[in-house]
Protein chains: 2
Amino acid sequence: MALRIALAQLNLLVGDIEGNAGRIMTAAERARDEQQADLIVFPELTLTGYPPEDLLLRHELVMRVEAALDTLCRSISGITAVVGYPKQREDGIYNTAGVIRDGRLVAEYDKTLLPNYSVFDEKRYFESGDEACVVDIDGLKIGITICEDIWYREPAEQAKQAGAEILVNLNASPFHKGKSVEREELVSRRAHENGLPIVYVNLVGGQDELVFDGGSFVANAEGKVVMRTAFFAEAQPVIEFDGLEPVPSEVIRHQSEEAEIYEALVLGTRDYVEKNGFNGAVIGLSGGIDSALALAIAVDALGADRVEAVLMPSRYTSDMSNEDAVAEADNLGVNYRVIPIEPAFETFLDMLEPEFHNLPEDTTEENIQARCRGIILMAISNKTGRMLLSTGNKSEMSVGYATLYGDMAGGFAPIKDVPKTLVWELARWRNARAESLGHVPPIPPRSIAKPPSAELRPGQLDTDYLSPGLASTIGLEGAILLQHLHQLFEHREAQISSNHT
Amino acid sequence: MALRIALAQLNLLVGDIEGNAGRIMTAAERARDEQQADLIVFPELTLTGYPPEDLLLRHELVMRVEAALDTLCRSISGITAVVGYPKQREDGIYNTAGVIRDGRLVAEYDKTLLPNYSVFDEKRYFESGDEACVVDIDGLKIGITICEDIWYREPAEQAKQAGAEILVNLNASPFHKGKSVEREELVSRRAHENGLPIVYVNLVGGQDELVFDGGSFVANAEGKVVMRTAFFAEAQPVIEFDGLEPVPSEVIRHQSEEAEIYEALVLGTRDYVEKNGFNGAVIGLSGGIDSALALAIAVDALGADRVEAVLMPSRYTSDMSNEDAVAEADNLGVNYRVIPIEPAFETFLDMLEPEFHNLPEDTTEENIQARCRGIILMAISNKTGRMLLSTGNKSEMSVGYATLYGDMAGGFAPIKDVPKTLVWELARWRNARAESLGHVPPIPPRSIAKPPSAELRPGQLDTDYLSPGLASTIGLEGAILLQHLHQLFEHREAQISSNHT
């Protein structure tokens, strides 16, 4: 008796119910015909994608889900499928997994534990189930759980008490640094506690501000991971059970911290641009480290031919910055255009002179320059259908060191969740990867080494503004971050000096 | 035996715990010394303001609340006070009302029902209480409930079973059209069901995207409203109980629909600008109905001397628009400045010519004009410390008929929740109110009568873009809205024609 289970690690699209149904059918056919699987397990809320948020409040969505589910029941045959969807019952909506076999829904499980913290707000939408669901597939008892259920003891124990011999767990578990190890340790412990193998199927792909990292896996009853599939890509591995023992299969290695973060940024950027229907990206390139890293991510996400770079020097831009920006574009094979902002900046200063003539220069004039760049980039975006990517990092955002409608303009910011220290690490990692593959490192060493500057007034350095003296006004987290920045700059200057000797 | 209860309808500020504590002490002293009250009841979560959102996740907040509560206990004497605050207990945070008397906390009630829909997400932060709380004040048994508790039967019944003779209900109940009548009907029914008088105390003021309308009231045991205080303003009325019978007092009338909406917009705008520390507002004035109404609201919120208007005609702006804009500013006594955008528009077209030279004109050029205005307005905002108010209405926003970083730029949009049909109604209502007071009606009749146009290309009308043909791409709500717009324009044109005869 050998049961074969396919793990459908799919990249779904929130709201695209008919499209997601098509993806389910294709995967189920492949599992049946090419992989000889008996059972295929999909991610949480497969039909709607995750997180469907307030779409769940529309009656139209419920009707479309029911229609899609009917279609799946009619279309899927010769294999059992466990599919996720929101289920409207009399007292509310449930986060449900349905078992489709022989043209009908033979069982349904309602998620018991609803996460309502951090990025999750499932108590806003869903009611909680309270019953285990165990189905017999070729003589084996399969217990069903959904995502959060597996993070606590009760649902797995309840399934075991109801007779489960193998657990499957449908997930939409978003990425954060170190998450894949954390979740495997947890699920392995749960498997070992209950003496039950667990088949963990995760979603993959970027959806708005979230990235799901995939990495679906199987733990045996001792809690040992005997199969693990790819991160940050669709995959459909099969695990074979010899009785209740999963037969060890390929265990793809965990990535380094830099690699997993970089891959998350690339996938998040690609899916944001493509799922929103844009045909490419446009990006302002300053010669600094932030836009250099953002450009590398954009090229890795979309390909060089779908990315356009724009250099927009001001009266304060150094030759070094322009040279570095050109080098970055050339290294990555990206077309670039140079549009100096001086004419627009001058024009606005003239137009505003009657309003401003007695007032001293301040950040207003810096913001005007950043906003002239915003207009140029958005005009190119509007004209070409390419999405503007903004290049700000998390450190700048957290202290507000950026211009609203200026460098903050754009549909997506690839490094919005990356603090400045990590920007440097990722830049060095990306260069090292290129070197190890015999490619040109994309980011010029000078972009990495030089102290950051917004170049919006003469001799400006980020550290002039982001000084420890500001700490009292920006709270503890900002202060810690600034200390880090300062230590880094000092360390870096020491390095630069020592390079000169 | 006459118990006197003060209803402290305060305008609080989220996060300003020490400031809110000061407001509580001042109100309690006044209630004791000037109003001879025995008991003062404050709004829900008095100390943090409402809604405190993710501030609740910071341990620092819990410590500050505890310190403020200690201060209140030490400071309040000679009167009993019921104050709201988040309470950290072993298993989580509760939404709590504490009874302060004789220098200490004599009782605490934890909110039972936690709203988690629409603007509410209390299940994200709070645990639910399950016990009634009844305190004896001068021989009367006072039961305590908090906001959502009163919308369902159980908490009031539970308080009654625990001996309550009078219920007090602490609220942070936000405004929507018709809400004050709706909430009174509900609370009156609850009073009548249980045969208990209810003292309903609401928050007042704008807090980010919410407006709390006040209108605190008292229903007697038959469910009759025997006292009602002001809407959209702080107030501290006192209700006297003759035994268990509240003595009828001033019952302020409900306002007309237009009046209550307009007052909500004024209060929302004033508190957003002031609570964010800006010293006034700047607003782009086109001569159209939207910016005319937004300017009237801004002036009513902040005073004419704290508002600056900017006219930014383009090559497509009609003389009529300029004349109407000047008339609006003059009628309201607002300083205005004229800054034509042609020089900046021309400059950007020249700068972008190498990128665009083979491509036809499209909305890109319209957006550039809107964004030139955004730069000018934001520059004035940055230089003067006045907040930019944007002037888009809800109909435009719902179909995306606006320019990101252009006319959408600004810290607050006074009419963001007002559909176009209501914009016209409010404009007429505001003019009628001015006339009834012998003032100049602020909005020129032509701004109300003419068909709306963005004036970003020759002969443009909003209806050219917002046509029923677009309906299939914008969903049902958008389509209904556009039909309304069309009917209105046709009706309006007919009116204009008939005026000519």
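**Reading the A–B contact and a nonpolar core**

Me: How many salt bridges are counted between chain A and chain B?

Reply: A salt bridge is a side-chain nitrogen of Lys or Arg within 4 Å of a carboxyl oxygen of Asp or Glu. Between chain A and chain B the count is six. In one of them the side chains of A:Lys383 and B:Glu365 meet, N to O, at 2.7 Å. This is a predicted model, where local features need pLDDT of at least 70 and side-chain atom pairs count only at pLDDT 80 or more, while totals for chains, interfaces and linings use all residues. Residues are numbered from 1 along each chain as its sequence is written, and side-chain values use heavy atoms, with hydrogens and water left out.

Me: What area is buried between chain A and chain B?

Reply: Buried area is the accessible area (1.4 Å probe) that two parts lose on being put together, summed over both. Here the value is about 3600 Å², with 62% given by carbon and sulfur atoms. In chain A, the residues that lose the most area to chain B are A:Glu355, A:Lys383 and A:Tyr405, together 22% of what that side buries.

Me: How many residues does each chain bring to the contact?

Reply: Contact means heavy atoms within 4.5 Å. Chain A and chain B bring 43 residues each.

Me: Which residues have the most contacts inside the largest nonpolar core?

Reply: Such a core is a set of buried (under 20% relative accessible area, 1.4 Å probe, protein chains only) Ala, Val, Leu, Ile, Met, Phe, Trp, Tyr and Cys residues joined through side-chain atoms within 4.5 Å. The largest has 48 residues, and those with the most contacts inside it are A:Tyr262, A:Leu293, A:Leu295, A:Val307, A:Leu389 and A:Leu426.

Key:
Chains lettered and ligands numbered in written order. Buried < 20%, exposed > 50% of the residue type's maximum accessible area, 1.4 Å probe, protein only.
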